[in-house]
Amino acid sequence: MTRMPLKIMYLNPLGCDSDDPIFADMAREQKLPGTEVHVTSLKKDDGAFTHIEFRSYEALVTAGIVRAARAAARENFDAFAIGCFYDTALHDAREVSGDMVATAPCFASLEIASSLANRFGIIVGRRKWVNQMNANVRENGMAERLSGFYHVELGVNDFQVDHARTNRLLIEAGRRAIEEDFAEALILGCTLEIGFFRELSRILGVPVIDPAIAALKRAEYSAMLKRSCGWIPSRKWSCESPSEDEIEKFGIFRDDDVFGNRIVVEAE
């Protein structure tokens, strides 16, 4: 009997698809042979941003993320990953994701870091990001294990302007975390260059976690556990979903055409 591939959707939560090929290349390199990954992004009408560093931008894409989660669940995806380290709309998406597992980079990276080290630091682009990311760390119960946030004062778009300068700043920030605050592992608070985490790990001598890879692999692992152990997401109490009757009554998910772009990375 042929086993159906695991189906993972990796959502770029922007109405701009320029980074989709980068995430698709990451999926090809990192996924297991029996996993099919769909890299998607939102429609331009949901916000044609190249980043969502600001809460106001997040607010504008949240509805699109929720619609995408609902659509992925209806397409019978096993897991859904939201590709932003703010974990934008993660709890909202879970409410409408049915039996599909939903995850995001901060949540996934924290879980992986805590399995590799007792104490970890997070390298971020701008000081602006720290307040919101720190709230996510606390919500996920990891505040006591965090050595600190180490910002390099680069916005999302700035990371790609001068790679040599970006890499130098990341190395300096990593050394501060390790030598001054005794971090034993590092998390990148933004995906920079796919694969650069390996070079950082080699230079700094500690595990360096790329959040995009963490989100994809955590989604894949959760999907495997769902299939092999029957561990389906809870929809009780705080995880309660809206009723199908109410969803139908309000007509809020009648547009199933929610994606602006889709790249399918086939299972082997």
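Predicted model: local features only at pLDDT ≥ 70, side-chain atom pairs only at ≥ 80, totals over all residues.
Let's start with strand 7, which covers residues 185-188. Ala185 and Ile187 point one way, Leu186 and Leu188 point the other way, and all of them are buried.

Strand 7 has parallel partners in strand 5 (residues 120-124) and strand 8 (residues 208-209). The strand 5 pairing comes with 4 bridges, and Phe120 sits opposite Ala185 there. The strand 8 pairing has 2 bridges, with Ile209 as the bridge partner of Ile187.

Next up is Asp78, in the loop that runs between helix 2 (55-74) and strand 3 (79-82). Is Asp78 buried or exposed? With a relative accessible area of 8%, Asp78 falls under the 20% cut-off, so it counts as buried. Setting aside residues up to four places away in sequence, Asp78 touches a set of residues that includes Pro5, Leu6, Met100, Val101 and Arg227. Arg227 also makes a side-chain to side-chain polar contact with Asp78.

Ser114, for its part, belongs to helix 4 (residues 105-116). Its side chain reaches back to the backbone oxygen of Glu111. Beyond neighbours within four places in sequence, Ser114 is in contact with Met142 and Arg145.

| Residue | Partner | Distance |
|---|---|---|
| Asp78 side chain | Arg227 side chain | 3.0 Å |

Notes. Residues numbered from 1 in each chain as written. Heavy atoms only, no water. Polar contact = N/O pair within 3.5 Å; in protein donor to acceptor, adjacent residues only side chain to side chain. Contact = heavy atoms within 4.5 Å. Buried < 20%, exposed > 50% of the residue type's maximum accessible area, 1.4 Å probe, protein only. Pairing = 2+ DSSP bridges.
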